[in-house]
Every structure is written in structure tokens, then in C-alpha cells.
Amino acid sequence: LGDVYKRQVLAGDSFYTTDEKVSNREEVNQTEKIKIARYAASMIKKDDFVYLDAGTTTGYMIDYIQERTATYVTNGVSHARRLSAMGFKTMIIGGELKESTEAVVGGEALNCLDKYNFTIGFFGANGINKKNGYTTPDVSEALVKQKAMEKSQKKYMLCDTAKFGNVCSVTFGEFSSATILTNYIPQLSLIHI
């Protein structure tokens with residue numbers, strides 16, 4: 001496992017109501033994101049039906065995915081393009097394209113997700129704390145994340161240090177609803193996985 005940990009956090013210090021463009025977030029904590037992504041990719045097993053949430057850390061997973069018998073479903077347009085180009089069986093959900101995060105969202109996306117039952121799902125969040133759970137600034141994106149989490153048997157939240165202690169406008173999951181994968185080693189409440 002190395003330096004990937006599950007972390008519990010306290011109430012947030014920062015509040016965010018808007019999303020930053022993916023291109024602005026890709027290089028923030030890049031080394032951390034790559035470590036988390038590499039470990040997460042190793043968790044995919046033979047014949048898994050995988051949900052891969054749009055986002056920068058989940059995007060880094062693609063470079064490390066080895067399992068060719070799995071099927072990958074995503075709401076990330078760039079994720080789908082890269083997975084398909086690498087020869088993985090790839091499905092993208094339908095709906096409205098949110099330009100800033102390159103995520104497919106909206107009612108049609110929720111309808112698509114209703115059809116699926118994922119063995120494993122990998123998710124990102126803009127903010128995480130124990131009181132508010134997993135948060136994001138956009139209600140449409142939150143609803144897609146929430147639905148995909150409900151439809152996933154195993155749920156993993158991939159988070160670098162920048163996400164802890166932040167709170168955004170919309171909660172899409174309780175703190176206990178997913179296992180957190182991070183390389184950050186906190187001073188307190190550390191649970192090594």
C-alpha cells in the first residue's frame with residue numbers, strides 16, 4: 001500500500017461555491033494525485049464493471065490501469081477518449097456537457113446511471129470534511145456523483161491534501177459512504193488501510 005491512507009477530517013476551514021477549470025487543477029498537487037491514482041488503478045480486478053468519475057485524480061488513474069477484462073464507464077469526456085484510445089472497453093454516459101469540468105451531467109446522465117450496477121467506483125470531490133462529507137460546488141455534478149456512488153458496490157474517494165477541510169455548496173455523500181484514498185498522513189485520526 002505504501003503511502004496511501006484513509007483519513008478522517010474535522011470541520012472545514014474554507015468554503016467554495018464555484019468550480020475551477022480542469023486545466024487549472026491538473027497540476028495542483030500532481031505528485032500526490034499520481035501516487036493516489038497509481039494505487040487506485042491497482043485495485044481494479046478481472047471482469048470489474050468500473051465507474052470512473054470525471055476529475056483530475058481519476059484522470060491520472062488511466063495511465064496506470066492494467067486490467068483489460070474490465071469495462072469502464074465514465075462521465076468524463078477526456079477520460080472516455082483516453083480509455084478508448086488505449087484499447088479498453090469504454091462507455092460514456094449521455095447528458096449535458098459541463099465545460100469547466102469536462103463532465104457529463106443532468107437528467108439524462110442520471111437516467112443512464114440508473115441502468116448500471118458497478119462493482120467498483122472511483123470518485124473525486126472538491127471538499128471533504130467529517131461534518132459535511134463529500135462536497136462539490138455544482139448541484140448537477142453532485143447529483144451524478146451521488147447516483148454513481150449509490151450504484152457502486154465499492155466506493156473510493158481519491159483526494160489529495162488540497163481537498164481536506166474544504167466545504168463546497170452541495171454535499172453528494174456522507175463522510176462514511178466511501179473509503180478515502182490519500183497520500184496525506186494527518187497528525188490525528190489516521191486509519192491506515
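Residues are numbered from 1 along each chain as its sequence is written, and side-chain values use heavy atoms, with hydrogens and water left out. As the model is predicted, local features need pLDDT of at least 70 and side-chain atom pairs count only at pLDDT 80 or more, while totals for chains, interfaces and linings use all residues.

Helix α5 spans residues 107-114; helices (H or I, at least four residues) and strands (E, at least two) are DSSP runs, numbered from the N terminus. Ala109, Cys112 and Leu113 of α5 are buried, meaning under 20% relative accessible area with a 1.4 Å probe and protein chains only (exposed is over 50%, partly exposed in between). These residues sit on the same side of α5, because they cover an arc of only 95 degrees around the axis, taken from the directions from the helix axis to the C-beta atoms. The buried residues of α5 pack against β3 (49-52), β7 (103-105), β8 (118-123) and α6 (139-150), with contact meaning heavy atoms within 4.5 Å.

Next comes an open sheet of three strands, ordered β9-β10-β13 with antiparallel pairing; two strands pair if DSSP finds at least two bridges between them. β9 (127-129) and β13 (170-173) stand at the edges with a single partner strand each, so one side of each has no neighbour in the sheet. Neighbouring strands here are turned by 35 degrees against each other on average, direction ignored. β9 pairs with β10 (residues 133-136) over three bridges, and isoleucine 128 has tyrosine 134 in β10 as its bridge partner. Helix α6 lies across β10 and β13, at about 10 degrees to β13; axes are lines fitted to C-alpha atoms, for helices over the stretch in contact, and angles run from 0 to 180 degrees between N-to-C directions.

Ile128 and Tyr134 turn up again in the largest nonpolar core, where they are among the residues with the most contacts. A core is a set of buried Ala, Val, Leu, Ile, Met, Phe, Trp, Tyr and Cys residues joined through side-chain atoms within 4.5 Å. Apart from it lies another core of 21 residues, Ile36 among them.

Ile36 also touches threonine 57, a residue of helix α3 (residues 56-61). Threonine 57 counts as buried because its relative accessibility is 4%.

Terms used: Lists of a residue's contacts leave out its neighbours within four places in sequence.
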